[in-house]
Amino acid sequence: LSSLEAVEDVKYAPRSPCTLQAIQQWESTNKPFKLPEDFKSFLMLSNGFLIHWNTALNGENIPLGLMHINPLRKIKQLAPSQLIGFLSTKVEGDDTFEQKEDVFAFDIDSCCRAGRVAFLYRGIRFE
């Protein structure tokens, strides 16, 4: 990335691997939800990810790109109020929200300002 002519000021924040025990604890805490196997493998290489870069425009350093994945401790279930129009609906005449069907979401990118990046779960049975 830093070898590209228009890209400058690349900042990468290396993260330590996550332990299998921490992943199992997350899944126990958030039962019955399980993380995808490939995401668990990723976490055991790097507990999250952050890289951002800028470009120069008219002599000014302008933010250009950002890639981010939350560390395990920040992967939280989204409330229905955070998913208006997508996975929940506002109750008319009320300030509450109803979850649509059996859909649940966990935020995996808390830096995203243009929407949500999340794991979606459907058809989960609670015992």
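In this short talk I will go from the overall chain to a group of charged residues, then to a sheet, and end with a surface patch.

Please keep in mind that this is a predicted model, in which local features need pLDDT of at least 70 and side-chain atom pairs count only at pLDDT 80 or more, while totals for chains, interfaces and linings use all residues. Residues are numbered from 1 along each chain as its sequence is written, and side-chain values use heavy atoms, with hydrogens and water left out.

Let me begin with the chain as a whole. The protein chain has 2 helices and 8 strands, where helices (H or I, at least four residues) and strands (E, at least two) are DSSP runs, numbered from the N terminus. Followed along the sequence, these elements give the pattern β-α-α-β-β-β-β-β-β-β. Of the 127 residues in the protein chain, 30% are buried; here buried means under 20% relative accessible area, exposed means over 50%, and partly exposed lies in between, with a 1.4 Å probe and protein chains only. The accessible surface of the protein chain is about 8,800 Å², and carbon and sulfur atoms account for 52% of that; such areas come from the Shrake-Rupley method with a 1.4 Å probe, and for residues only the protein chains shown count as cover. If we take contacts (heavy atoms within 4.5 Å) in the protein chain between residues at least 6 apart in sequence, then 53% of them join residues at least 24 apart.

Now to the charged residues. Side chains of opposite charge can pair when their charged atoms come close. How many salt bridges does a search of the whole structure find? The search finds 4, a salt bridge being a side-chain nitrogen of Lys or Arg within 4 Å of a carboxyl oxygen of Asp or Glu.

One of them links the side chains of D9 and K11, at 3.6 Å from N to O. D9 is partly exposed, at 34% relative accessible area, and K11 is likewise partly exposed, at 42%.

Another salt bridge is formed by K34 with E27, whose closest N and O atoms are 4.0 Å apart. K34 counts as exposed because its relative accessibility is 52%, whereas E27 counts as buried because its value is 8%.

Is K40 buried or exposed? K40 is buried, because its relative accessible area is 12%. Leaving out residues up to four places away in sequence, K40 touches I23, E27 and L35. The side chains of K40 and E37 are joined by a polar contact of 3.0 Å, meaning a pair of N or O atoms within 3.5 Å, where within protein one must be able to donate a hydrogen and the other to accept it, and residues adjacent in sequence count only if both atoms are side-chain atoms. E37 and K40 also meet in a salt bridge, 3.0 Å from N to O. E37 is exposed, with a relative accessible area of 56%. Because E37 and K40 are 3 residues apart in helix 2, about one helical turn separates them. Salt bridges with shared partners join E27, K34, E37 and K40 into one network.

Strand 7, residues 103-107, runs antiparallel to strand 8 and is joined to it by 5 bridges. Within this pairing, D107 stands opposite A118 in strand 8, and F104 has Y121 in strand 8 as its bridge partner. Strand 4 and strand 7 pair in the antiparallel sense over 2 bridges, and D107 in strand 7 is the bridge partner of K76.

How many residues of strand 7 are buried? The strand is mostly covered, with 5 of its 5 residues buried. V103, A105 and D107 point one way from strand 7, while F104 and F106 point the other way.

Finally, the surface. L1, L4 and V10 make a nonpolar patch of about 230 Å². Patches are made of residues with over 30% relative accessible area and no salt bridge, with like charges joined within 9 Å and nonpolar side chains (Val, Leu, Ile, Met, Phe, Trp, Tyr) within 5 Å. L4 lies in the segment before strand 1 (8-12), and L4 is partly exposed, at 47% relative accessible area.

Technical notes
Pairing = 2+ DSSP bridges.
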